[in-house]
Amino acid sequence: MTERGPKMLLGAVTGALVAAAAGFAFGFMEPGVFQSAPVAPAPQPVITRSEVKVLPPIIANLANGSNLSIRLEAAVVLKPDVAEAAEISARISDDLVTFLKTVSIREIEGPTGFQLLKNDLKSRASRIGDGKTLDLLILTFVVQ
């Protein structure tokens, strides 16, 4: 035990000297060296509001001589600040009426029938909108 005493004392003194030297060295450093750099605020996204035009309700008889009809209420999402929004909406509405008259009940039956019809309607609206149409929203769809 007598040999441990001087070794412990030497270790304690060495540790104290290292701590004092480190404190002395850090005392001369510039304030804020170990602080993280200020984080630049994230750029705020530019918010543009798209224009939504609700189309008048569309009622069309189904093709193939069936006595069923479709009632469709839809809205067109247009890019912001489109000058001819009303004209584009009217052309889309007219085209959807014409297209729905060619649809048969068999085309919209089944698990994917409505999804395929929805994709067809969206692509037609996009083509007529000439790049100004972002989406076509189907609000109601009734077959009676």
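## Salt bridges in a predicted model

Asp95 and Arg124 form a salt bridge, with their closest N and O atoms 2.8 Å apart. Asp95 sits in helix α2 and Arg124 in helix α4, so this pair ties together parts that are 29 residues apart in sequence. Both partners are out of the way: Asp95 is buried, and so is Arg124. Please keep in mind that this is a predicted model.

A search of the whole structure finds 6 salt bridges. Lys132 belongs to the loop between α4 (113–129) and β4 (133–143), while Glu84 belongs to the loop between β3 (69–78) and α2 (85–100), so the pair links parts 48 residues apart in sequence. Lys132 counts as partly exposed because its relative accessibility is 29%. Glu84 is also partly exposed, at 26% relative accessibility.

Next come Asp135 and Lys122, a salt bridge with its closest N and O atoms 3.2 Å apart. Here Asp135 lies in strand β4 and Lys122 in helix α4, so the pair ties together parts that are 13 residues apart in sequence. Asp135 is partly exposed, with a relative accessible area of 25%, and Lys122 is partly exposed at 29%.

| Salt bridge | Closest N and O atoms |
|---|---|
| Asp95 and Arg124 | 2.8 Å |
| Asp135 and Lys122 | 3.2 Å |

Key: Residues are numbered from 1 along each chain as its sequence is written. This is a predicted model: local features need pLDDT of at least 70, side-chain atom pairs count only at pLDDT 80 or more; totals for chains, interfaces and linings use all residues. Side-chain values use heavy atoms; hydrogens and water are left out. A salt bridge is a side-chain nitrogen of Lys or Arg within 4 Å of a carboxyl oxygen of Asp or Glu. Helices (H or I, at least four residues) and strands (E, at least two) are DSSP runs, numbered from the N terminus. Buried means under 20% relative accessible area, exposed over 50%, partly exposed in between (1.4 Å probe, protein chains only).
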